[in-house]
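Colleague: I am new to this structure. Could you walk me through how to read its features?
Modeller: Gladly. Take a look first.

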Amino acid sequence: MSRRGDWVYENNGGTCVAIAGADYCVVAADTRLSVGYSILTRDHSKICDLADKCVLASSGFQGDIKALHKNLAARELLYQHQHNKRMSCPAMAQLLSNTLYYKRFFPYYAFNVLGGLDSEGKGCVFTYDAVGSYERTGYSAQGTGSTLIMPVLDNQLKSPSPLLLPARDAVTPLSESEAIDLVKDVFASATERDIYTGDKLEIVVINKVGTKREYIDLRKD
């Protein structure tokens with residue numbers, strides 16, 4: 001990692017997307033890890049299994065991302081020993097927010113999307129900034145390709161405004177297979193314009209049965 005003056009961060013690129021449905025959640029990220037115009041590896045997973053039916057996808061500086069994932073995994077294990085149960089996805093969302101905010105003066109250079117199922121079995125997606133401000137939404141994208149992907153998701157999914165009363169569920173109307181197809185389409189589109197996104201797409205589908213993974217090839221140039 002090059003250090004320029006007091007700047008100790010490097011953006012290693014990549015894109016993460018999550019879509020929540022009525023009884024499922026789809027979390028996806030590409031596997032390219034790069035610096036500038038150099039590709040460091042084409043097979044790096046950005047998705048981390050954290051709690052019960054809850055996964056975290058992160059883009060940004062890989063040193064900070066690894067430290068963050070290790071910290072959260074240790075806290076979840078501690079919770080498991082103290083309470084004799086796995087942490088829920090909304091609880092992990094609050095823990096992640098607290099962890100990021102604690103480091104706000106020298107933040108983790110990581111942009112996160114947390115996805116999974118809540119206590120009622122509904123899909124949930126939580127999206128974050130670098131210092132812990134978060135929101136539960138029906139879908140989200142983070143990373144270098146997010147500006148290309150979010151307009152497509154907004155057009156296709158039209159999440160209700162959180163200002164509307166009475167509050168509506170922040171889940172998308174798509175079926176599980178339709179959501180997976182949409183994720184594949186938006187990544188195929190983003191890789192045409194974003195040089196930091198590509199190689200392979202890792203898709204994690206969480207539902208009441210459990211968690212399954214799927215890989216598809218993207219552009220390698």
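Colleague: What does the count of salt bridges come to?
Modeller: A word of caution before the count: this is a predicted model. A salt bridge here needs a side-chain nitrogen of Lys or Arg within 4 Å of a carboxyl oxygen of Asp or Glu. By this rule, the count comes to 14 salt bridges.

Colleague: Which residue forms a salt bridge with Lys 46?
Modeller: Asp 30 does, and the closest N and O atoms are 3.6 Å apart. Lys 46 sits in the loop between strand 4 and strand 5, while Asp 30 belongs to strand 2, so the pair ties together parts 16 residues apart in sequence.

Colleague: Are Lys 46 and Asp 30 buried or exposed?
Modeller: Buried means under 20% relative accessible area. Lys 46 has 2% relative accessibility, so it counts as buried. Asp 30 has 0%, so it counts as buried too.

Colleague: What distance separates N and O in the salt bridge of Glu 214 and Lys 184?
Modeller: It is 2.8 Å. This pair links distant parts of the chain: Glu 214 is in strand 12, Lys 184 in helix 4, and they are 30 residues apart. Glu 214 is partly exposed, at 28% relative accessibility. Lys 184 is partly exposed as well, at 24%.

Colleague: Which residue is the salt-bridge partner of Arg 219?
Modeller: Asp 221, with the closest N and O atoms 2.5 Å apart. Arg 219 is partly exposed, with a relative accessible area of 34%. Asp 221 is exposed, at 61%. Salt bridges can also share partners: Arg 32, Arg 42 and Asp 199 are joined in this way into one network.

Colleague: Now the sheet. What is the order of the strands in the open sheet of five?
Modeller: The general idea comes first. Strands of a sheet pair through backbone hydrogen bonds, either parallel or antiparallel. In this case the order is 10-1-2-11-12, with antiparallel pairing. Strand 10 and strand 12 stand at the edges with a single partner strand each, so one side of each has no neighbour in the sheet. On average, neighbouring strands are turned by 15° against each other, direction ignored.

Colleague: How many bridges pair strand 1 with strand 10?
Modeller: Five, in the antiparallel sense. For example, Ala 18 has Ser 140 in strand 10 as its bridge partner.

Colleague: Which strands does helix 3 touch?
Modeller: Helix 3 packs on the sheet and touches strand 1 and strand 10. Its direction makes about 170° with that of strand 10. Helix 4 also packs on the sheet, touching strand 1, strand 2, strand 11 and strand 12. The direction of helix 4 makes about 20° with that of strand 2.

Note on methods
Residues are numbered from 1 along each chain as its sequence is written. This is a predicted model: local features need pLDDT of at least 70, side-chain atom pairs count only at pLDDT 80 or more; totals for chains, interfaces and linings use all residues. Side-chain values use heavy atoms; hydrogens and water are left out. Helices (H or I, at least four residues) and strands (E, at least two) are DSSP runs, numbered from the N terminus. Buried means under 20% relative accessible area, exposed over 50%, partly exposed in between (1.4 Å probe, protein chains only). Two strands pair if DSSP finds at least two bridges between them. Axes are lines fitted to C-alpha atoms, for helices over the stretch in contact, and angles run from 0 to 180 degrees between N-to-C directions. Contact means heavy atoms within 4.5 Å.
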